[in-house]
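Please look over the sequence and the structure below.

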Amino acid sequence: MSSTQILKGILEGCLLSIIAKGEIYGYEMTEKLNSYGFTMVSEGSIYPLLLRMKKEELVATHHKKIPSGGPKRKYYTLTPKGEDELKEFKQKWSAISESVHELLGKEG
């Protein structure tokens, strides 16, 4: 299994967690992911996920002017449904990561 396949399964939860910390725009999310070691995630790869998350009403968007006068940026915030989804992701991730950690620790 490639790291890309594993990453696809957890990226949505990671994006929800980043957005939960406060409104944020796409490029800024990529920078945050990079700062946590997700250097293989490009800005272009998160937009399809964000679009799906918006369609599923997990996130809401609004546009803001930027101080430098450039084009407006689309900012993302969590909806109540997104907050519930994040909570569920954290529970599932905790259970899965504990199981994998235990399994890998017993090998040898």
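A network of salt bridges links Glu 12, Arg 52 and Glu 56. A salt bridge here is a side-chain nitrogen of Lys or Arg within 4 Å of a carboxyl oxygen of Asp or Glu. The model is predicted, so local features need pLDDT of at least 70 and side-chain atom pairs count only at pLDDT 80 or more, while totals for chains, interfaces and linings use all residues. Residues are numbered from 1 along each chain as its sequence is written, and side-chain values use heavy atoms, with hydrogens and water left out.

Side chains of opposite charge can pair when their charged atoms come close. Four salt bridges are found in a search of the whole structure. In one of them, Arg 52 pairs with Glu 12, and the closest N and O atoms are 2.5 Å apart. Arg 52 belongs to helix H3 and Glu 12 to helix H1 (residues 3-20), so this pair ties together parts that are 40 residues apart in sequence. Helices (H or I, at least four residues) and strands (E, at least two) are DSSP runs, numbered from the N terminus. Glu 12 counts as buried at 13% relative accessibility, and Arg 52 is partly exposed, with a relative accessible area of 34%. Buried means under 20% relative accessible area, exposed over 50%, and partly exposed in between (1.4 Å probe, protein chains only).

Lys 64 forms a salt bridge with Glu 23, where the closest N and O atoms are 2.2 Å apart. This pair links distant parts of the chain, with Lys 64 in strand S2 and Glu 23 in the loop between H1 and S1, 41 residues apart. Within helix H4, Lys 92 and Glu 88 lie four residues apart, about one turn of the helix. Their side chains meet in a salt bridge at 2.9 Å, N to O.

Which rings pair? The structure holds two aromatic pairs, where rings of Phe, Tyr and Trp (its six-membered ring) pair if their centres lie within 6.5 Å; planes under 30 degrees apart count as stacked, over 60 as edge-to-face and the rest as tilted. The ring centres of Tyr 25 and Tyr 75 are 5.4 Å apart and the planes stand at 75°, so this pair is edge-to-face. Tyr 25 is in strand S1 (residues 24-25) and Tyr 75 in strand S3 (residues 73-78), so the pair ties together parts that are 50 residues apart in sequence. Both Tyr 25 and Tyr 75 are buried. The other pair, Phe 89 and Trp 93, is stacked, with 6.4 Å from centre to centre and 10° between the planes. Phe 89 and Trp 93 both lie in helix H4 (residues 80-106).

Charged ends also sit over the two tyrosine rings. That of Lys 64 is over the ring of Tyr 75, 5.0 Å from its centre, and that of Arg 73 is over the ring of Tyr 25, 4.1 Å from its centre. The rule is that NZ of Lys or CZ of Arg is within 6 Å of the ring centre and within 35 degrees of the ring normal.

Thr 79 lies in the loop between S3 and H4 and counts as buried at 15% relative accessibility. Thr 79 touches Glu 57, Leu 58, Val 59 and Ala 60, not counting residues up to four places away in sequence; contact means heavy atoms within 4.5 Å. Glu 57, in the loop between H3 and strand S2 (59-64), has a positive phi of about 60° although it is not a glycine. Glu 57 is exposed, with a relative accessible area of 53%.
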